[in-house]
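Here are some notes to read alongside the model, written as numbered points. Please keep the structure open as you go through them.

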Amino acid sequence: MTPDAGHEARYRAIAADLATKIRSGHYAPGEALPPQRELSASYGVTLMTLRHALRELSDERLIVQRPGKGTFVAPPHLAYQLDSLRSLADDLRGQGHDVRTEVIGRAVRKAPAGIAAELRLRPGDSALRLERVREFAGRPAVHQVSWVRRPVADAIRDRDFTAVSLYTALADAGVAVARASEVVRPGLLDAAAARHLHEAPGGPVLVSTRITYALDATPVVSDHATILGSMMEIRTERAATGLSLTWGATS
């Protein structure tokens, strides 16, 4: 084995060992790893070899290195799937994640002008405003506000949305969902959502705006979700036909 090959074998073995410890929970999400000098001494390698191992883990998005502060286990990432029409919670549970929903508020209110336009309501019409926070890996990750058109809203307003998804409630009320139009764009965390997500305002987020339509093309739900950028990635499978993605400049 050449010296270069020996060096590569050592740092890859260290990276594999640390990755196993992270995935097994020995090092928890957000936890700091031991200082680099301590790690290099425990593995019996130079700092350069250790840093090659850490670079491998960083490329795999298992750790985050913060200059002057140390090396930390990266928070788990949710995959936001674009290839199916399911609720956000059902999407995440389908990936094997334990998702907890907290209902922050629900009330029938006069729909704001923008929401009224999306749901094709008359000025002054009311709709059900449902506000929820999704928790993943023990921490809040998504703040979601859904407006549901009446009279559909009246049939579902008393459902237990900590246990039932909005799409399930619609189906149980006899509303068949045909399609949804969604835009996901980068944004900054505003003060209102920051309060519920226990984060400082101004951090990077993904903002999803989704309009869901019934079989007769009537818009029934307007969703606005703020998703912590540190915990979510967008993932899709591309094919010659099927999913349609449109890229556009942000306004």
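1. A term to settle before anything else: a residue is called buried when its relative accessible area is under 20%, exposed when that value is over 50%, and partly exposed in between. Glutamate 135 has a relative accessible area of 19%, so this residue counts as buried. Please bear in mind throughout that the model is predicted.

2. Now for the overall picture. The chain has 251 residues, and 39% of them are buried. Its secondary structure comes to eight helices and ten strands. Of the contacts in the chain with a separation of 6 or more, 60% are between residues 24 or more positions apart.

3. Next, the charged pairs. Side chains of opposite charge can pair when their charged atoms come close. The count here comes to ten salt bridges, and a few of them are worth a look one by one.

4. Aspartate 17 and lysine 21 make a salt bridge within a helix. Their closest N and O atoms are 3.4 Å apart. Both residues belong to helix α1 (residues 3–23), where they are four residues apart, about one turn of the helix. How accessible are the two partners, aspartate 17 and lysine 21? Aspartate 17 is partly exposed at 28% relative accessibility, and lysine 21 is partly exposed at 27%.

5. Arginine 100 and glutamate 135 form a salt bridge between their side chains, with 3.2 Å from N to O. Arginine 100 sits in strand β4 (residues 99–110) and glutamate 135 in strand β5 (residues 126–136), so this pair ties together parts that are 35 residues apart in sequence. Arginine 100 is partly exposed, with a relative accessible area of 46%, whereas glutamate 135 is buried at 19%.

6. Aspartate 172 and arginine 159 are also joined by a salt bridge, at 3.1 Å from N to O. Which parts of the chain does this pair link? Aspartate 172 is in helix α7 (residues 166–172), while arginine 159 is in the loop between α6 (152–156) and α7, 13 residues apart. Aspartate 172 is exposed, with a relative accessible area of 52%, and arginine 159 is partly exposed at 26%.

7. Salt bridges that share partners also join Glu8, Arg12 and Glu56 into one network. Glutamate 8 is in helix α1 and is partly exposed, with a relative accessible area of 34%. Glutamate 8 also lies 8.5 Å from histidine 52, C-alpha to C-alpha, and the two are 44 residues apart in sequence.

8. On to the strands. Nine of the eleven residues in strand β6 (residues 139–149) are buried, so this strand is mostly covered. Strands β5 and β6 run antiparallel and are joined by ten bridges. They form a hairpin with two residues between them, and alanine 137 in the turn has a positive phi of about 55°. Phenylalanine 136 stands opposite arginine 139 in β6.

9. Strand β6 has another antiparallel partner: seven bridges join β6 to strand β9 (residues 219–228). In this pairing, histidine 143 stands opposite threonine 226 in β9.

10. How many aromatic pairs are there? The count comes to zero. Rings do take part in contacts with charges, though: the charged end of arginine 66 sits over the ring of phenylalanine 72, 4.6 Å from its centre. The charged end of arginine 179 likewise sits over the ring of tyrosine 213, 4.1 Å from its centre.

11. Lastly, the nonpolar interior. In soluble globular proteins, nonpolar side chains tend to be buried together. The largest nonpolar core in this model has 17 residues, and Leu18, Leu33, Leu54 and Leu57 have the most contacts inside it. Helices α1 and α3 (47–59) each supply at least two residues of this core, and its largest share, six residues, comes from α1. Leaving aside residues up to four places away in sequence, leucine 18 touches Tyr27, Leu39, Tyr43, Leu54 and Leu57. Apart from this core lies another, of 16 residues, including Val152, Val164, Leu170 and Val220.

Conventions:
Residues numbered from 1 in each chain as written. Predicted model: local features only at pLDDT ≥ 70, side-chain atom pairs only at ≥ 80, totals over all residues. Heavy atoms only, no water. Salt bridge = Lys/Arg side-chain N within 4 Å of Asp/Glu carboxyl O. Buried < 20%, exposed > 50% of the residue type's maximum accessible area, 1.4 Å probe, protein only. Pairing = 2+ DSSP bridges. Phe/Tyr/Trp six-rings, centres within 6.5 Å; stacked < 30°, edge-to-face > 60°. Lys NZ or Arg CZ within 6 Å of the ring centre and 35° of its normal. Core = buried A, V, L, I, M, F, W, Y, C linked by side-chain atoms within 4.5 Å. Contact = heavy atoms within 4.5 Å.
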